[in-house]
Amino acid sequence: MIRPYNMATGAAPFDSLSVADIGDVAINTFNLLDAVRIIEEAYDEIVSQNVIPLTLGGDHTITLPILRALHKKHGKIGLVHIDAHADVNDHMFGEKIAHGTTFRRAVEEGLLDCDRVVQIGLRAQGYTAEDFNWSRKQGFRVVQAEECWHKSLAPLMAEVREKVAGGPVYLSFDIDGIDPAWAPGTGTPEIGGLTTIQGIEIIRGCQGLDLIGCDLVEVSPPYDTTGNTSLLGANLLYEMLCVLPGVTHR
Amino acid sequence: MEKIFHQPLGGNEMPRFAGIATMMRLPHLQSAAGLDAAFVGVPLDIGRNPFRATGNPRRISDDPPLQHGHWRRAL
């Protein structure tokens, strides 16, 4: 259910911003690279209208063309990235564009302001320590899930705001950052994840940043047998809407 | 262009299980023109392993547990 006023934060997004649903991007489901091109073009158009996109994914591949479009307007972008995985693989099965290579490509293409990037919730097994250290070597702050266990993330978000402030910021939320107890409807679930409460704290902690776009990716309806993952995803997008620049709090 | 503050369709205007399936029961527009922010679906799931296909904003509508219709209609 959706009601317009945020009882916790006092945000009244629909009285502050003109918001609507502009439907789906008509991707080419038979050609990934062409789909990525189509997404970039669609976001070029959205960005040209000075509209902040709040995206319902889709797998995490989609964030690359979105960042490409935003970069053309805003220049280098800071990033708050919630995920169980760093998504900085050089390739997947030899392919440079895939849902696990997004942020390596974004760095290589100069889209990100690497000193203003934070990845939160990373965990589980990798191939080597390099899987997360590559991010650290770029200047990212990496907050592994274990650093989040058993506590409020409000203090962490004060640090995050300090690191990513000073320019445009994109918020990319992979639903698998949340523990599969709450978000089982996803393709690569990992145990020991963030709680839904921590997810809300992260998003609310982004208030005051110059957010230029947000996404919620990797919800898998066929695996979301109860609908709870979708419910969570939609509520997290509502929280993102509530922290956009220009939203009145009353 | 005068700014229009679109509101979610309330439960007293249309039953919560009914109406057009949009994100947060906001109007569906063909263009982003005149908006400050917009919900956009990107139903891409070919950038990952297909055996746990991910990502369609439109949920399967004829499966009883999923009869809300859309993941954008989860609220």
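Q: Which residue just after helix 6 of chain A takes a positive phi?
A: This is a predicted model, in which local features need pLDDT of at least 70, side-chain atom pairs count only at pLDDT 80 or more, and totals for chains, interfaces and linings use all residues. Residues are numbered from 1 along each chain as its sequence is written, and chains are lettered from A and ligands numbered from 1 in the order in which they are written. Helices (H or I, at least four residues) and strands (E, at least two) are DSSP runs, numbered from the N terminus. Just after helix 6 of chain A, a positive phi of about 100 degrees is taken by A:Gly166.

Q: Within what arc do the buried residues of helix 6 of chain A fall?
A: A residue is buried if 20 or more other C-beta atoms lie within 10 Å of its own, exposed if 12 or fewer, and partly exposed in between, with C-beta atoms placed from the backbone. In helix 6 (residues 154-164) of chain A, the buried residues are A:Leu156, A:Met157, A:Val160 and A:Val164. They line one face of the helix, because seen down its axis, by the directions from the axis to the C-beta atoms, they fall within an arc of 95 degrees.

Q: Which residues are exposed on the other side of helix 6 of chain A?
A: The buried residues of this helix are covered by elements of chain A including strand 3 (77-82) and helix 7 (196-204). On the other side, the exposed residues are A:Pro155, A:Ala158 and A:Glu162.

Q: Is A:Glu218 buried or exposed?
A: A:Glu218 lies in the loop between strand 7 (210-217) and helix 8 of chain A. Its phi is near 75 degrees, a positive value in a residue other than glycine. With 32 other C-beta atoms within 10 Å, A:Glu218 is buried.

Q: Is A:His150 buried or exposed?
A: A:His150 is in the loop between strand 5 and helix 6 of chain A, and has a positive phi of about 65 degrees although it is not a glycine. Because A:His150 has 6 C-beta neighbours inside 10 Å, it counts as exposed.

Q: How many residues of chain A are in contact with chain B?
A: Two residues are in contact if their C-beta atoms, placed from the backbone, lie within 7 Å. On the chain B side, 49 residues take part. The number on the chain A side is 55.

Q: Which residue of chain B stands opposite A:Leu56?
A: Strand 2 (residues 52-57) of chain A and strand 1 (residues 37-42) of chain B run parallel, joined by 6 bridges. In strand 1 of chain B, the residue opposite A:Leu56 is B:Gly41.

Notes
Pairing = 2+ DSSP bridges.
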